[in-house]
Amino acid sequence: MRVWDRDYRNGPSPDFAVWPLGTPEKDLPENAMVIRKRHSLITISWPDISARRQVAPPTP
């Protein structure tokens, strides 16, 4: 939560996706957090860092 608050709160939203269990790792988004469920994989990822540079910094 602290990383999100510091780096992403005022920026682009994360992307959430659900993948079938057994999806090859190479097919998942790069640098995504992967949550393994019984029948699926859930990925959470953010746009790359170059997109974050265009966002105003968080207010103190």
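I began with my terms: two strands pair if DSSP finds at least two bridges between them. Strands are DSSP runs of E with at least two residues, and I number them from the N terminus.

A note on the source: this is a predicted model, where local features need pLDDT of at least 70, side-chain atom pairs count only at pLDDT 80 or more, and totals for chains, interfaces and linings use all residues. Residues are numbered from 1 along each chain as its sequence is written, and side-chain values use heavy atoms, with hydrogens and water left out.

Entry 1, the hairpin. I looked up strand 2 and strand 3 and found them antiparallel, joined by 4 bridges. They form a hairpin with 3 residues between them. I also checked I35, whose bridge partner in strand 3 is I42.

Entry 2, the other pairing. Strand 1 pairs with strand 3 (residues 40-45) over 6 bridges, again in the antiparallel sense. Here I noted W19 opposite L41 and P20 opposite S40.

Which order do the strands take? I read it as 1-3-2, an open sheet of 3 strands with antiparallel pairing. Strand 1 (15-20) and strand 2 (33-36) each have a single partner strand, so at these edges one side of each has no neighbour in the sheet. Neighbouring strands are turned by 20° against each other on average, direction ignored (axes are lines fitted to C-alpha atoms).

Notes
Axes are lines fitted to C-alpha atoms, for helices over the stretch in contact, and angles run from 0 to 180 degrees between N-to-C directions.
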